[in-house]
Amino acid sequence: MDTVDKIIEKMIGSWPDIIWSVADISYSDFNADFTRAIIIALGYKDFITNKEYNEEKYHHVLLEAKKSIDERMNLLKKLLDHYGIKNFIPPTVQADEIELVAPFSFKYATVQAGIGWIGKNDTLITRKFGPRVRLGAILLDYPIKCGNPVSKSLCGSCHACVDACPWKVIKGVNWNISSNREDLLDYQLCNKKRSEYIECSGRKHNCGYCILACPWGLKMNI
Ligand code: SF4
Ligand code: SF4
């Protein structure tokens, strides 16, 4: 009979549009109740470039990805509940507009799980989908095997996102495991620009230019 690990692996392995791994979250504020986080990075379904960019199109891509990742996380939750494994889907929203920090950092956990690195634009970059991913996380109290944390950037001398940002908020510095987001970009200004989308699309989100410029994401279409 399959172990719970195998059953989880089989379920997630049947989803071809994702990459996934597990992070040891002993570093997090949730460590009294949970030891691991299963992290899923779902690749965007539709491919758009900066040449054909428009807000409506990009918003649609993001909404599709959100819907899809929510469905997968709920399936995973049901599976964990079925086996009596304590679990929790952490909120993605930032606790306030001053610190701009979410209670559980999906991005940091994704790096800890070994799924990708942080690009010069302070976004998670994966080898398979570049930054064109929606992240999902579920915390659990179960000793499932973890991935190997990533500690360095593969951006190299690329400057595409720096050049693509219309507001020049990206500083052009390579991330490493000790970097703060302020080392990489003017986060407050980036947040201000992203917040302008609340008016037209009802929610704050990445404005897309720096994401769509990344060559790791452009490879998806080759
Ligand atoms: S999200 Fe927008 S403002 Fe922020 S770095 Fe990317 S392009 Fe610039
Ligand atoms: S566009 Fe280039 S510098 Fe920016 S995140 Fe992608 S690889 Fe890194």
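Two residues are in contact when heavy atoms of theirs lie within 4.5 Å. Among contacts in this chain between residues at least 6 apart in sequence, 70% join residues at least 24 apart.

This is a predicted model, in which local features need pLDDT of at least 70, side-chain atom pairs count only at pLDDT 80 or more, and totals for chains, interfaces and linings use all residues. Residues are numbered from 1 along each chain as its sequence is written, chains are lettered from A and ligands numbered from 1 in the order in which they are written, and side-chain values use heavy atoms, with hydrogens and water left out.

Start with the whole chain. It has nine helices and six strands. These are DSSP runs numbered from the N terminus: H or I of at least four residues for helices, E of at least two for strands. The chain has 222 residues, and 46% of them count as buried. Buried means under 20% relative accessible area, exposed over 50%, and partly exposed in between, with a 1.4 Å probe and protein chains only. The accessible surface comes to about 11400 Å², and carbon and sulfur atoms hold 54% of it. Such areas come from the Shrake-Rupley method with a 1.4 Å probe; for residues, only the protein chains shown count as cover.

Now go inside. A nonpolar core is a set of buried Ala, Val, Leu, Ile, Met, Phe, Trp, Tyr and Cys residues joined through side-chain atoms within 4.5 Å. The largest one here has 64 residues. Ile8, Ile12, Ile38, Ile40, Tyr58, Leu76 and Phe104 touch the most other members. Helix α2 (residues 55-82) gives this core its largest share, nine residues. Take Phe104 as one example. Leaving out residues up to four places away in sequence, Phe104 touches Ile25, Tyr27, Ser28, Phe30, Ala37, Pro90, Ala109, Ala137 and Leu139.

Follow α2 next. It has 28 residues and reaches 41 Å from its first C-alpha to its last. That is close to the expected 40 Å, the expected span being 1.5 Å times one less than the number of residues. Ile69 sits in this helix. Ile69 counts as buried because its relative accessibility is 2%. Beyond residues up to four places away, Ile69 touches Ile40, Leu42, Arg134, Leu135 and Gly136. After α2 comes Gly84, with a positive phi near 70°.

Most residues other than glycine have a negative phi. Two residues here go the other way. Asp122 has a phi near 65° and lies in the loop between β4 (117-118) and β5 (124-125). Lys168 has a phi near 50° and lies in the loop between α4 and α5 (181-184). Asp122 is buried, at 9% relative accessible area, whereas Lys168 is exposed, at 55%.

Gly208 lies between α7 (197-201) and α8 (209-213). Its relative accessible area is 0%, so Gly208 is buried. Gly208 and Asn54 are 154 residues apart along the chain, yet their C-alpha atoms are separated by 9.3 Å.

Finish at ligand 2. The residues around it, those with a heavy atom within 4 Å, include Lys120, Cys155, Cys158, Cys161, Cys214 and Trp216. Helices α4 (160-164) and α9 (215-218) each give two or more residues to this shell. The shell divides into eight nonpolar residues, two polar and one charged. Here Ala, Val, Leu, Ile, Met, Phe, Trp, Tyr, Cys and Pro count as nonpolar, Asp, Glu, Lys and Arg as charged, and the others, Gly among them, as polar.
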